[in-house]
Protein chains: 2
Amino acid sequence: MAGPLILALPLKDLPAMKHLIVNAFYNGSPSQSWAGLWTHPDSTADSYNTLDYWLDLARTCEAGFLDGIFLADTLAISDVYEGKPDGAIRSGHFVPNLDPMLVIPSMAAVTKNLCFGITGNTTYEAPYLLARRLSTLDHLTSGRIAWNVVTGLFESAARAMGLKTHAEHAQRYEAADEYTRLMYRFWEESWEDDAAIRDKPNKVFSDPSKVHRINHEGKFLSLNAIHLSEPSPQRTPLIFAAGSSGTGLQFAATHAECAFIAYGRRDHVRKQVQQIKDMAVAAGRHADDVRTIVPATIIVEETDALAEERYQDYLRYVDGTGNLVARAALLGIDFSKYSPDDPVPSLTTNASRGAGVALTTGAEKVMTIRDLMSYGPGRDLFLVGSPTTVAEKLVEWCEDTGIDGINLGRNVEPYGLKRFCELVVPELQARGAFKREYVEGSMRAKLFPGSSGRLTDRHPARKTAAA
Amino acid sequence: MAGPLILALPLKDLPAMKHLIVNAFYNGSPSQSWAGLWTHPDSTADSYNTLDYWLDLARTCEAGFLDGIFLADTLAISDVYEGKPDGAIRSGHFVPNLDPMLVIPSMAAVTKNLCFGITGNTTYEAPYLLARRLSTLDHLTSGRIAWNVVTGLFESAARAMGLKTHAEHAQRYEAADEYTRLMYRFWEESWEDDAAIRDKPNKVFSDPSKVHRINHEGKFLSLNAIHLSEPSPQRTPLIFAAGSSGTGLQFAATHAECAFIAYGRRDHVRKQVQQIKDMAVAAGRHADDVRTIVPATIIVEETDALAEERYQDYLRYVDGTGNLVARAALLGIDFSKYSPDDPVPSLTTNASRGAGVALTTGAEKVMTIRDLMSYGPGRDLFLVGSPTTVAEKLVEWCEDTGIDGINLGRNVEPYGLKRFCELVVPELQARGAFKREYVEGSMRAKLFPGSSGRLTDRHPARKTAAA
């Protein structure tokens, strides 16, 4: 297949379609999802702890008109695999792990439109402090911030925070709901729009009559404080959340402006997209108030054959045990207890409830432990091919499932990301499936063009504020 | 007085002396110490919430060879003055207040040698999370980070964190000592130097046998975790602490590599410098292991007359009540209950124990509330004059007291800082009292030239690790 020839076809005649959301999916450590690829000669992952690494990432993403960088995070080190942290430490899976929040301001300094999704944990971060951190980021980035609300995966995080056990899944989500609504009150209620008036003649920076104390007495949290930040461009940062289980799905449908659907095949994703939108409508929101994204892994070269060759090269660097460690961490299942030929067990655990079930649903064949070790199989949006092959499959898959976009998983980086920007982005643009320039304004304004950049009154943040 | 003529004198004949430490003293809000100056037409303080403001600050400081930017912080809003937050809100004193930790990575991206002191609160931040944040900053800045250990000033912070009251002063310091030693264990013990081995052929990022769990069961804290960061350039960031009271002074003498002596006149400072060094020696350290700095306010123009004119201009913008609010916040004394002619009461409170006493010690006349309102009086290092006047007084004062340097307080900024760099720095350089280029390496290597950049075995961080 000759990419350049295809590019010459009159693709402009294709019907206009919505632009896909494309984020780079990153974290603060050398390895994230696909274990072992940090050892590839083209990978710079082992310099994850330098500023240049992050500045280069940000510039690469903005040059390719990507929407943002979605920064995952975990606290502590998973010890699910073999009941100890050794596998994670060896493979570099989320360890060592920088605080990803801190890399954002430097990346904001070298970009203008690129947005940043940052994970913040409702189980272990103090809401008063996290609210200020996110407002600070929203100020410094001129409104290019999303908060990815998580409740935490690892039992080991509880012990790192001085607690005996990680709270039970349903309780974590109930607490997260209260926590998130409290955050909304800091962001939406504490400061009126014209509170920080900067009245120089009268030497009044802010008008105390327009700054309000938040007094919260809840089931999980009680506090009394004035938010430390004046209203940031978005006030409440854009809300990201992942939904896979019943509780998580309900949380995402209620709060998320962009819901992350982890795992799952075509049918499962199509169903989850519809389910989230139905639940959002039931909660008084519009179906379009929630964008949806899935993870995707893409290996692209000029031709299908070259891409396949590249993929085969990557396989030499894969760390099979590391992939099992990563899956064990996410699903809370100790895969060291199984043989490579065993089918993947469909268990419900206290980690990512429902994700394990989703992983094994709708597979063409029974998924085995060996499949998990090689990472690719079982992933629908695992695309290897020429620019046209990748773009066609991606667009078709997204249209068919109703999904709005993807989080591009790391493979050999920044090579993979640069190739995506060079080769796939123009193909998507030619199909009318990707922007040719950024929308002006905040992250919310970019994701919901035509909006004010502030939340609609249908969102619980505004309802909470109005109550 | 003609500055340029003075510059032509053969100052190189003066005896060589130690280089003064000069930091810019900043915080994440429009007003810090000298209330009202944010309203001056030359001040950009009201854009404190933009990235450009911080990038400009960092570039200015590095162009002038300043050592660093010392970032103060407070949690919540002081409600000491009139028993309510209105005064602080009106004057902009630490409110609105960005999280200053987040501005550092962007400033690091545009500088190479400038260092950053960041305040971190031992009463309200979770040690596991703060340890990772500081390690992350030390990585991203290539070792240009100091941690300013504070226990917090405001009762309102306790309520913002869901507690009933702010812990009592002595107990806060006892807890801070345990907390700081726990931080050392994360930084010095959890990862051996060759743990993060990056062994590509064997696909081993880190060697689990060289990564250690910290199991801490203390009076105030109990936790069990592996630090999430591999060793950063300094491992333990340079330790800053302020000492004014007995407890605070003991803490600084034990832990600080740079002690901040707030307030006080010449005799008081000379005494405190000696006291800290004596206490450090008693704790098994060397007198030179602790550098000492004081706040200074400097207004400099080409001539004494022009500087005085500039000072008189500033006085038109001063917010007298705002200055009382700031002093009330720091000292825990409600100055609204006094008349302008009343002497400043010498009280001990739960805020900054001893600072109130220091403020009123050794004054040539009785300090009144009115003096506090005008900010300048009562400050020994409040220098207004030509470059030679300022440089001479500064050098003489520092030599006489034995202090190692200054935190340059904000007046009208960035104008004041730029003038300092343009006019005073060359004068200090000509006297051999200021560096002409940066020392290579980490913050510790810069502050203690010839050191390895890691802590000496005399420091409690190393003793804790060795135990």
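1. At 33% relative accessibility, A:Asp42 counts as partly exposed. Please keep in mind, here and below, that the model is a predicted one.

2. The partner of A:Asp42 is A:Arg310, and the two side chains meet in a salt bridge with an N to O distance of 2.8 Å. The pair links distant parts of the chain, since A:Asp42 lies in the loop between β1 (21–27) and α2 (51–63) of chain A, whereas A:Arg310 belongs to helix α10 (residues 304–315) of chain A, 268 residues apart. A:Arg310 has a relative accessible area of 14%, and because the cut-off for buried is under 20%, A:Arg310 is classed as buried.

3. A:Asp42 and A:Arg310 also belong to a network of salt bridges, in which they are linked with A:Glu301, A:Glu302, A:Arg419 and A:Glu422.

4. In chain B, a salt bridge joins B:Arg270 to B:Asp400, with the closest N and O atoms 2.7 Å apart. This pair, too, links distant parts of its chain, with B:Arg270 in helix α9 (residues 266–282) of chain B and B:Asp400 in helix α14 (residues 387–401) of chain B, 130 residues apart. B:Arg270 is partly exposed at 32% relative accessibility, and B:Asp400 is partly exposed at 30%.

5. The side chains of B:Arg419 and B:Glu422 form a salt bridge as well, at 2.9 Å from N to O. These residues are three apart in helix α15 (residues 415–430) of chain B, which means that about one helical turn separates B:Arg419 from B:Glu422. B:Arg419 is buried, with a relative accessible area of 13%, while B:Glu422 counts as partly exposed at 47% relative accessibility.

6. Turning to helix packing, helix α7 (residues 169–189) of chain A packs against helix α8 (residues 246–255) of chain A at an angle of about 15 degrees, the axes being 10 Å apart. Because of that angle, α7(A) is roughly parallel to α8(A). The crossing in which α7(A) passes α8(A) is right-handed.

7. Which residues make the contact between α7(A) and α8(A)? On the α7(A) side they are A:His169, A:Ala170, A:Tyr173, A:Ala176, A:Asp177, A:Thr180, A:Arg181 and A:Tyr184, and these meet A:Thr247, A:Gly248, A:Phe251, A:Thr254 and A:His255 in α8(A). By residue class, the contact of α7(A) with α8(A) comprises five nonpolar, six polar and two charged residues.

Notes: Residues are numbered from 1 along each chain as its sequence is written. Chains are lettered from A and ligands numbered from 1 in the order in which they are written. This is a predicted model: local features need pLDDT of at least 70, side-chain atom pairs count only at pLDDT 80 or more; totals for chains, interfaces and linings use all residues. Side-chain values use heavy atoms; hydrogens and water are left out. Axes are lines fitted to C-alpha atoms, for helices over the stretch in contact, and angles run from 0 to 180 degrees between N-to-C directions. Helices (H or I, at least four residues) and strands (E, at least two) are DSSP runs, numbered from the N terminus. Angles under 35 degrees count as roughly parallel, over 145 as roughly antiparallel, 65 to 115 as roughly perpendicular and the rest as oblique. A crossing is left-handed if the near helix is turned anticlockwise from the far one by less than a right angle, and right-handed if clockwise. Contact means heavy atoms within 4.5 Å. Ala, Val, Leu, Ile, Met, Phe, Trp, Tyr, Cys and Pro count as nonpolar, Asp, Glu, Lys and Arg as charged, and the others, Gly among them, as polar. A salt bridge is a side-chain nitrogen of Lys or Arg within 4 Å of a carboxyl oxygen of Asp or Glu. Buried means under 20% relative accessible area, exposed over 50%, partly exposed in between (1.4 Å probe, protein chains only).
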